[in-house]
Amino acid sequence: LLRCSSAVSRTAHPQRRLLSSSAPSSLAGIRELLKVSDEVAHAIANNKPVVALESTIYTHGALGNDLAREHSELVRSHGGVPAIIAIVDGVPKVGATTDEIVQMIESGTAAKASRRDIAYLVGMGLAGRKMHGGTTISGTMLLARLAGIRVFGTGGLGGVHRGGEDSMDVSADLTELGRTRVAVISSGCKGFLDIPRTLEFLETQGCFVSTFADGRSGNVDFPAFWARDSGIKSPSVVNNEKEAAAIILAQEKLGIESGLLFANPIPEEFGIPAPEMQAAIELAVSEATEKGFTGSANTPYILNRLKQITGEKAVVANKVLVRGNITRATNIAVELSRLIS
Ligand code: PSU
Ligand code: MN
């Protein structure tokens, strides 16, 4: 019943097979240009548990230079193969090295790359102007899907910004989740976003949203990044990684080409209740508006300001929750491999 025949079939030409059979036709054009590392291509072709990692969190997340290496080791320590996704010197890569990520950070010039930016950065690279791009959740999903990767662990999802009903600032992460079948594991989205409207938008987009119950019964909230609770009920819950893997596989077997969002609340002892963050968030959001940090510059500005205002506690919490999500993502990928083989 659970046998699956798409990207994971064994073959003598893993990379060619992978890139010709697994990608939705709308992404066909980028096949020639995408560089999948040998390790990741081999892992995908042999149904090993591969976990995609985004690079905006490294280039624009204000969390330090060592994070990519720590995340890669974390995936490996749980039996997975990490696939860092980034545009390095104009080349879209699945399986970028941690050294490449450090170079991107140190250059100080990496662009934040969502779906709309990919052709620009790659095209400019072809024209001889080589630029780096830290891929957001949307950019990472697109390239992961193309390579045949099913699972992606990260920190916070973009969303509908406060006042988004007027500004129309709605993250491209949400439309990507409507059109690209990759499972994203995050801690929900940050409290500086409009969480009810974000969930409404995801429903309209046809994105499945579920929260890990962690033994809780009754109402389970969709989490708000540092806070386990948001006051908004999650549309559904899952109890463990096996269930998550089965849902991902069902989506694939049904041929439903939209994304899945699994929300994983921050561990209780590291959670910072929303009221504690409230004042800092209000300040950062209003400063961003005053100073004109809108559009794609809004999220990085707010992330950086919150780090300055709230200090180490919020940074530690941020790092802890990302690690929790990447661990979950790896465990889900391991369960998926078992279901498929
Ligand atoms: N939220 C965080 N940390 C992040 C991001 C969001 O708590 O690093 C990044 C992710 O890469 C996400 C992107 O995909 O910001 C969303 O940006 P925007 O709001 O401009 O769509
Ligand atoms: Mn935006």
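This is a predicted model: local features need pLDDT of at least 70, side-chain atom pairs count only at pLDDT 80 or more; totals for chains, interfaces and linings use all residues.
Strand β1 (residues 35-36) runs parallel to strand β4 (residues 91-94), and 2 bridges hold the pairing; strands count as paired once DSSP finds at least two bridges between them. Strands here are DSSP runs of E with at least two residues, helices are runs of H or I with at least four, and both are numbered from the N terminus. Within this pairing, V36 has V94 as its bridge partner in β4. On to the next pair: β4 is also joined to strand β3 (residues 81-88), this time antiparallel and over 4 bridges.

Residues are numbered from 1 along each chain as its sequence is written, and chains are lettered from A and ligands numbered from 1 in the order in which they are written.

Now for the ligand. Ligand 1 is surrounded by 16 residues, with T56, I137, G156, G158 and S171 the closest; a residue belongs here if its C-beta atom, placed from the backbone, lies within 6 Å of the molecule. The elements giving two or more residues to this shell are α3 (56-59), α9 (172-179) and α13 (298-310). Sorted by class, the shell holds 9 polar, 4 nonpolar and 3 charged residues; Ala, Val, Leu, Ile, Met, Phe, Trp, Tyr, Cys and Pro count as nonpolar, Asp, Glu, Lys and Arg as charged, and the others, Gly among them, as polar.

D169 sits in the loop between α8 (164-167) and α9. D169 counts as buried because 20 other C-beta atoms lie within 10 Å; the cut-off for buried is 20 or more such atoms, with 12 or fewer for exposed and partly exposed in between, C-beta atoms being placed from the backbone. Leaving aside residues up to four places away in sequence, D169 touches H161, G164, T294, G295 and N298, contact meaning C-beta atoms, placed from the backbone, within 7 Å. The C-alpha atoms of D169 and G295 are 6.6 Å apart, although 126 residues separate them along the chain.

N298 is also one of the buried residues of α13, along with T299, I302, L303, R305, L306 and T310. Their cover includes α12 (274-291) and α14 (312-340). After α13 comes G311, with a positive phi near 75°.

Terms used. Two residues are in contact if their C-beta atoms, placed from the backbone, lie within 7 Å.
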